Amino acid sequence: MAASSFLKCLLLTVLLALVSCEDYYQLLGVGKESNEGDIKRAFRKLSLKYHPDKNPGDEEASAKFKQINRAYEVLSDADKRQVYDQQGQEGLERLERGGDNRQKGPSARADVHVSLEE
Amino acid sequence: MVESTKKKAIGIDLGTTYSCVAVYQNNRVEMIPNDQGFTITPSIVSFIEGGAAVGNAAQMQLVKNPKNTIFDAKRLIGKLMSDQSIQKVKGLLPFELARDQEDRVTIKVEEKKDQPKSTYYPEQISAMILKEMKRIAGIYLGYEVTDAVITVPAYFNQKQRTATQDAGKIAGLNVLRIINEPTAASLAFELEAQSAEDRYILIFDFGGGTFDVSLLSVGDGNNQVLATNGDTHLGGLDIDTKLVEYFVVEFKKATGIDVSMEQQALNRIRTTCEKVKRILSTETETDVTIQNLSTGKDLDMKLSRAKFVDLINPILKRLLPPIEDVLKDANISKNQVQEVIMVGGSTKIPRVRELIKDFFGGKILNHSINPDEAVAAGAAIQAAILNGDQSKQIKDFFLLDVVPLSLGVAISTGGMETVIKRNTPIPFEAKKGFKTASDNQTAAEFKVYEGERPLVKDNYLLGDFEITNIKKAPKGEITFDCKFDIDANGILTVSAYDEKNPHNQNKITVNTKTLPQKKIDELIKQSQDNKELDAVTKTVLDAIISFEYFCDLLKKKFKDRRLKFTPQEKKQMVTSFQQGDKIAKVLKDYGKTVVGLQNLSRYMERYHQELRDLEAIVNPILERVHVAAGLQWRGRKECAGLLEDPKEDQELSKTQTCQHFDGDLD
C-alpha cells in the first residue's frame, strides 16, 4: 500500500513537472494565431473537463486545472500575452514583478520582521 | 431511478432578514415551504422562558420581547466589537451586544428571569436559523438532510465566510460550499435560460441587509464570474432606518414626545415602516397610522412616494459606484451587458428600478426570476452539481467562481504586495519572491492579508507565520519563494521557503476562524445532544407564543374603537384576557417540565383545551360586536385580516400572519 501510494505520489510529481514546463498555448490546445474568442472557448471546454467540482477528490485534475487557469490568465490579458510571445516565461515573470529592473532593490521587495535578540 | 437512492443536498439562502431553502430534484428546483406554507422564513431567533423560537414564531416577539429577540445576526457574524461597522449599529439594535476576551462580538440574552444573562455568538444564532431550514427541508424530503450549500454576500471576507461555514457545522450540516449570492442567482437564471449563446450578464442584488453586484460571462453551461463588488451594509433595513428616523422627528414635531429612546415604540415604527415601504412600491401615497404610539398619542400622517424617494436618496446614491467598478474591473462597457437581472426584495422599489434602467440607457431589466427565491434556487443547483447529480441539465453545467478580494503579503514599508488579484478564477496557485529587508536578518514574518487598499493596515489580516534561523547575510541577499494556493472552496494555504536553504520552510493554511476550533466542536456537540429536546421545546414554545398571541388579539379587539361592547361584554372580555394571561403563565411554567414525547402530548392536550375554553367565552361576544359594526369575526384567522387593513395598528408584517395558529390548532 505504502509503496503504491509512494509511486503514485512520484508519478504525480513527475506529471506536475512536465505540465509546468508546458507552453501556455499547448495547455489550452490553441495556436499562437488564435483570437480572444478561441482562447475563451478552449478555456471553458477544458474547465468543464478538469474543474475540481466535476472531478471530486481527483488531485491530478485539480493540478491540471490550476495550470489551465494560469495559462488563461496570461493569454486572455493582451499585455501579458504580448510579453509572453516576445520574451517567454522569463519576460512574463519580469513583467509581473513590476517591470524591468525597477523594483529589484532589496528594500522595495522585502518583508518585515527583524528578530531583535540575535 | 438512481436519483431516488441518493440523499439530496439542499441550498440555503441565509439572508439578513429572511432565509429560504430549496432542493434540485425531478429535473427542477423546488422551493421548500415552512410550516406556515411560506417559502421565506424570518431570520429571527427569540429567547423566551424555556427556550428559543425561530422564524415566524420569533418574529411575533419582535415588539413584545425586543431585548431577547435577535435579528441581523448576519451583519454581526465574523466581526470584532471594535470594527467600525459594529460600533455604528451597536446603539441602534434593541438587544445587547458585548465583547468576549478576544474582542469578538457576542449577544447577551435573558433566558430566565432574574438570572444572569447568557452569551451567544452570532454563529450560534445563525446556526439556529440554519437548523430550522434543515428541519423544514427534512420534513419536505422525508429524511434527514445533512449536505448543504449556503450563500453569502459576494463581498463577505474570508472571516465572515468561515464563520458562516462554522454556523452550518453547529447546525449539524455538512457544508459542501459557501457561494456568493449574486452568483447563485445567476445559476438559477442560466439553468432556466439554457442558452448556448455567449453573453455578459449583470446581477443586481439589493436585499434586506446587503447589496451586491456581479458581472458574469455565461453560455453553454459555463458560468464564469468576471467581477464582483458591493456593500455589506446596505439594504432594505437601512431604508427602514431612514424612515424610522423621519417619523421619530415628525412625531416629536406633532406631539412634543421624543420616542428615540423608547425601544418598543421604535420597533412598532420600524415594523410599520417596512409595510409603508412595500405599499409605496405600488401606491403613490399612503397613510401611516400607529395608535397609541407613546403616552396615549397616535402617530397619524401621510407619506408620498416622492417624499419617500427624497428620504432614501443618500442610499440610492450608493447603488451606482459598485456597478461602475465591476464594469471597470472586467474591462467591459455597459453597452456590452446583454442582461441585467434584478434580485433581492429591495429591487421592488420603483425608484431603484428606474435608476438602474437609466444607467443602462433605458435597457429593459430582467425580473423573470423571483427576487426572494432566486438565490436559494441557485444554491440548490450548486448543491446538485457538487452532489454529482447526473441529470442532463446539471451534468454539463457548472460554476467557475473567483476570489472576491485580493490576497497578499505585508512588506517592510507597510504596503500590501498582492499575490492573487481579486476576481481570479479558483482554484489557483501563484508564486512570488521576497527578499530580506535588513542586514543580518535572522527571521522573516509573513503576514497574509486580504483587501484592495495599498496599505495593509487598511486590509484584513488573515494569518501569519515565520521563517527563522536565516543565515546572516547583507540585506536583499536571501530570497524566499512564497506560494499562495487557493482551492475550489476558497481555502487558502500559504507557504514559503528560504531559497538558499530549502529545508528552512514554513506554511499555514490560513486560519480565518473567528471562534477557535475547540469552541466550535463544543457548540456542535451541544447542538447535537439537544436534538430531541429541541423538537419538544419548539412545539411547546410555539404553543405558548400562539396562546399569548391570541390573548393579545383579544386586547387589541377590546381597544378597537369601531367595536361597541356592552358593559356586561366588556366585563367578560376583561376577565377573559386577564384569565388568559394567567393561563399563559401556567402553560409557560408547565412547559418547563415537559421532557419526553409522551409528556408533550399531554401538554398539547391541555393547551388545546385551555384555548377552546377561552374561545367558548369570547367568540360569541366578538361575533356580535363585529356584526353590529358591519364587520366579520373570523376567529383565530382574524389576525391575518388585521394585516390587510393598512389603517389598523400595524405591528405585524406580511409574513407574520396568524396562519401560524392554523398550523398549530386545527
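**Rings, strands and a helix face in chain B**

Tutor: Ring pairs tie Phe434(B), Phe446(B), Phe465(B) and Phe480(B) together into a cluster. Keep in mind that this is a predicted model.

Student: What makes Phe446(B) and Phe465(B) a stacked pair?

Tutor: Ring centres must lie within 6.5 Å to pair, and planes under 30 degrees apart count as stacked. Here the centres are 5.2 Å apart and the planes sit at 10 degrees, so the pair is stacked. Phe446(B) belongs to strand E23 and Phe465(B) to strand E24, 19 residues apart. Both Phe446(B) and Phe465(B) are buried.

Student: Then why is the pair of Phe71(B) and Phe95(B) called edge-to-face?

Tutor: Planes over 60 degrees apart count as edge-to-face. For Phe71(B) and Phe95(B) the angle between the planes is 85 degrees, with 5.6 Å centre to centre, so the label follows from the cut-off. That pair links distant parts of the chain: Phe71(B) is in the loop between E7 and helix H4 of chain B, while Phe95(B) is in the loop between helix H5 and strand E8. Phe71(B) and Phe95(B) are buried too.

Student: E7 came up there. How do you know that E5(B) and E7(B) pair?

Tutor: Pairing takes at least two bridges between the strands. E5(B), residues 45-48, and E7(B) share two bridges in the antiparallel sense, so they meet the cut-off. Ser46(B), for instance, has Thr69(B) in E7(B) as its bridge partner.

Student: And what makes E6 and E7 of chain B edge strands?

Tutor: The open sheet has three strands in the order E6-E5-E7. E6 (51-54) and E7 (69-70) of chain B each pair on one side only. Helix H6 of chain B, residues 122-141, packs on this sheet and touches E5, E6 and E7 of chain B. The direction of H6 makes about 105 degrees with that of E5(B).

Student: Over to helix H12 of chain B, residues 320-330. How do you know that its buried residues line one face?

Tutor: The buried ones are Pro322(B), Ile323(B), Val326(B), Leu327(B) and Ala330(B). Look down the axis of H12(B) and they fall within an arc of 140 degrees, so they line one face of the helix.

Student: What covers those buried residues of H12(B)?

Tutor: The cover includes strands E13 (199-206), E14 (211-219) and E15 (222-231), along with helix H13 (350-359), of chain B. Just after H12(B), Asn331(B) takes a positive phi of about 60 degrees.

Terms used:
Residues numbered from 1 in each chain as written. Chains lettered and ligands numbered in written order. Predicted model: local features only at pLDDT ≥ 70, side-chain atom pairs only at ≥ 80, totals over all residues. Heavy atoms only, no water. Helix = DSSP H or I, 4+ residues; strand = E, 2+ residues; numbered from the N terminus. Contact = heavy atoms within 4.5 Å. Axes fitted to C-alpha atoms, helices over the stretch in contact; angles between N-to-C directions. Buried < 20%, exposed > 50% of the residue type's maximum accessible area, 1.4 Å probe, protein only. Arc of directions from axis to C-beta. Phe/Tyr/Trp six-rings, centres within 6.5 Å; stacked < 30°, edge-to-face > 60°.
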